[in-house]
Amino acid sequence: MALAFTFPGQGSQAVGMGKDLADAFPEARAVFQEVDDALGEKLSDIMWNGPEETLTLTANAQPALMAVSMAAIRVMEARGLVLKDKVGFVAGHSLGEYSALCAAGTFSIADTARLLRIRGNAMQAAVPAGKGAMAAIIGLEHGDVEATCAEASAIGPVQIANDNGGGQLVISGEKAAVEKAAEIATAKGAKRALMLSVSAPFHSALMTPAADAMREALAKVEKHNPNIPLIANVRAAPVADATIIADLLVEQVTGQVRWRETVEWFGKNDVMTLYEIGSGKVLTGLARRIDKAVTGIAVNTPEDIEKTLEALLA
């Protein structure tokens with residue numbers, strides 16, 4: 001049975017993340033320094049000392065989460081783990097897809113940090129404050145939520161942004177249309193339809209200006225075919241061609257993060273262990289909800305790294 005490395009997305013950030021890795025491992029310190037240098041600022045200081053509202057800004061949270069993931073990867077590699085020999089696939093939730101590709105050798109750490117800074121700024125700037133919104137719909141099937149969005153689209157664009165599994169879907173679009181969709185979902189029997197506190201309507205058609213910015217940025221950056229296949233967010237299927245991956249990363253900005261289908265793909269293809277590399281345990285929890293036969297293991301502390309290396313290098 002193969003295993004996969006997965007990488008968390010926005011929402012997994014927390015003040016102090018990665019500090020224990022930096023204190024314990026020189027390879028981790030080098031990653032945080034490389035990201036600071038690439039961005040021309042001490043992002044590591046914001047990560048470790050806050051304030052939380054500054055870390056949570058999209059333009060900071062995205063490269064910061066990647067930095068923690070790559071710090072853990074570099075520590076494990078320095079201790080003898082050859083990723084392509086042990087890991088069958090990589091996948092990441094939204095921005096985590098960039099972390100996955102960095103780990104698989106498609107982008108350098110510095111380029112990934114710069115791409116994510118561009119992505120964060122472009123996503124924030126794409127829609128005027130207050131015009132867009134997102135909502136979590138709990139307890140309806142994918143098809144029902146899709147039908148709900150289609151109905152609410154009469155008053156403005158709204159679509160499924162994330163299919164996180166376990167009956168949790170996130171919708172995104174114009175504020176009035178999202179609010180209408182939440183009403184319709186409640187009427188259809190959703191357990192909850194909860195407006196989210198987010199800064200922009202991510203993964204919706206309103207993000208088209210940000211997709212254009214990423215198309216331009218990705219065209220200029222050096223990229224290589226990943227040495228481990230990526231299960232892409234918008235396809236929930238493997239891809240290993242850097243040119244196609246760049247197109248899918250552009251599509252991902254306005255497209256759906258198909259995480260439920262990604263985990264289901266793993267289960268159907270005997271990938272029964274998913275190591276979540278980086279901050280938090282969100283993906284580990286989602287894996288359990290989607291397919292009880294798939295085991296999620298969070299790797300974000302020095303102790304987690306030691307246990308992972310014991311298991312993978314045995």
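Reply: Strand β1 (residues 2-7) and strand β9 run parallel and are joined by five bridges, where two strands count as paired if DSSP finds at least two bridges between them. Helices (H or I, at least four residues) and strands (E, at least two) are DSSP runs, numbered from the N terminus. This is a predicted model, in which local features need pLDDT of at least 70 and side-chain atom pairs count only at pLDDT 80 or more, while totals for chains, interfaces and linings use all residues. Residues are numbered from 1 along each chain as its sequence is written, and side-chain values use heavy atoms, with hydrogens and water left out.

Me: OK, and which residue in β9 is the bridge partner of Phe 5?

Reply: The partner of Phe 5 in β9 is Tyr 275.

Me: Which strand does β9 join through five bridges, apart from β1?

Reply: Five bridges join β9 to strand β10 (residues 295-299), and these two run parallel, with Leu 274 standing opposite Gly 296 in β10. Together with helix α14 (residues 282-290), β9 and β10 make a right-handed β-α-β unit, right-handed meaning that, with the strands pointing away from the viewer, the path from the first strand over the helix to the second runs clockwise.

Me: How many of the seven residues of β9 are buried?

Reply: Six of the seven residues in β9 (residues 271-277) are buried, that is, under 20% relative accessible area, with exposed being over 50% and partly exposed in between (1.4 Å probe, protein chains only).

Me: Switching topic: how many aromatic pairs turn up in the whole structure?

Reply: The search finds six aromatic pairs, counting rings of Phe, Tyr and Trp (its six-membered ring) whose centres lie within 6.5 Å, with planes under 30 degrees apart called stacked, over 60 edge-to-face and the rest tilted. One of them is the edge-to-face pair of Phe 89 and Trp 265, at 4.9 Å centre to centre and 80° between the planes.

Me: Where do Phe 89 and Trp 265 lie?

Reply: Phe 89 lies in strand β2 (residues 89-92) and Trp 265 in helix α13 (residues 259-268), so the pair ties together parts that are 176 residues apart in sequence. Both residues are buried. Trp 265 also forms an edge-to-face pair with Phe 266, at 5.9 Å centre to centre and 75° between the planes, and ring pairs thus link Phe 89, Trp 265 and Phe 266 into a cluster.
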